[in-house]
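Open the model in your viewer and keep the sequence panel beside it. The stops below say what to select next and what is there.

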Amino acid sequence: MAADIHATAVVAPGARLGAGVKIGPFCTVGGDVELNDGVELVSHVVVAGRTKIGPRTRIFPFASLGHPPQDLKYRGEPSTLAIGADCIVREGVTANPGTQGGGMATVVGDRCALLAQAHVGHDSRIGDDVILSNNVMIAGHVRIDDFAILSGGVAVHQFARVGAHAFIGGVTGLEGDLVPYGLAFGNRAHLAGLNLVGLRRRNFSRETIANLQAAYRIVFDGDAPLAVRIDEVERMPGGDPHVASLVAFLRE
């Protein structure tokens, strides 16, 4: 099925369009852009630079994807932006490609929801099934792992990491790392426990949740040096893979 391009859209020569692509009114698509099968640009969308959009992703009005990164050190290097399959990119979202100093790529995984006015900074890596709510601000070089949820107005400092299945409450400024399965909120984020609601919604077993709670108590409620507490968690019986991922995150 050929691409359906509205008469008012501008698609530069060289753009690669998959089967069933829909490009709505007043969209602009650059010559180095790749839109895979079933991508839809609803209207007034700009996709620039070396940007690749995965199959069936829908992009809503006034989203701006792939323009040069907001980094004064950027010198025009041929960096990239990739957004995965089955994503929702809502109104006013911005996402920038990478830089020479950060790996040359910004990546958003599959099935992500980037809600209105969210920003993904250069060289950031967003996993699968992540939700960035309205007005979330992701600085450069940030890593957000699978199934994390960032509520409205969250700001994440550059180089910070957000672990898998973590939850950040609204209008929170995250300056450091948030462990996998963690829950954080506040004017400057503090770890407030585990994201129990999210774990239950995703059908984590009671045994796994209990293991994570035990690990949390050892790491964050103990008095011994942090390295000693991490070693203690690693020696916990049962070999729970989710506890192992928490330990790996802390060691990293």
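Start with helix α4, residues 241-251, and select what covers its buried residues: this includes β21 (143-144), β24 (161-162), α2 (206-221) and α3 (226-234). Contact here means heavy atoms within 4.5 Å. Helices (H or I, at least four residues) and strands (E, at least two) are DSSP runs, numbered from the N terminus.

This is a predicted model, in which local features need pLDDT of at least 70 and side-chain atom pairs count only at pLDDT 80 or more, while totals for chains, interfaces and linings use all residues. Residues are numbered from 1 along each chain as its sequence is written, and side-chain values use heavy atoms, with hydrogens and water left out.

Colour by confidence next. pLDDT is the predictor's confidence in each residue, from 0 to 100. The protein chain has a mean of 97, and 100% of its residues reach 70 or more. Confidence is lowest in strand β28 (residues 190-194), with a mean of 93, and highest in β10, at 99.

Return to α4 and show Val 243, Leu 246, Val 247 and Phe 249, its buried residues. Buried means under 20% relative accessible area, exposed over 50%, and partly exposed in between (1.4 Å probe, protein chains only). Seen down the axis of α4, these residues fall within an arc of 160°, so they line one face of the helix. The arc is that of the directions from the helix axis to the C-beta atoms.

At the start of α4, select Asp 240 and His 242: a side-chain oxygen of Asp 240 comes to within 2.8 Å of the backbone nitrogen of His 242. A polar contact is a pair of N or O atoms within 3.5 Å; within protein, one must be able to donate a hydrogen and the other to accept it, and residues adjacent in sequence count only if both atoms are side-chain atoms.

Move to α3, where Arg 229, Ile 230 and Val 233 are buried. Viewed down the axis of α3, its buried residues lie within an arc of 100°, so they line one face of the helix. They pack against α2 and α4.

**The open sheet**

Now show the strands. Eight of them form an open sheet in the order β3-β6-β9-β12-β15-β18-β21-β24, with parallel pairing. Its edge strands, β3 (16-17) and β24, each pair on one side only. Two strands pair if DSSP finds at least two bridges between them. Val 108 stands opposite Ile 126 in β18.

**Thr 57 and the cysteines**

Select Thr 57, in the loop between β9 (50-53) and β10 (58-59). Thr 57 is buried, with a relative accessible area of 0%. Leaving aside residues up to four places away in sequence, Thr 57 touches Gly 38, Val 39, Glu 40, Gly 84, Ala 85, Asp 86, Cys 87 and Val 89.

How many disulfides are there? The count is zero, where a disulfide is a pair of cysteine sulfur atoms within 2.5 Å. For Cys 87, the nearest cysteine sulfur, that of Cys 112, is 4.7 Å away. Cys 87 counts as buried, at 2% relative accessibility.

**Strand β27**

End at β27 (residues 182-185), with Gly 182 and Ala 184 on its covered face and Leu 183 and Phe 185 on the uncovered one. β27 and β28 run antiparallel, joined by three bridges. They form a hairpin with four residues between them, and Gly 186 in the turn has a positive phi of about 130°.
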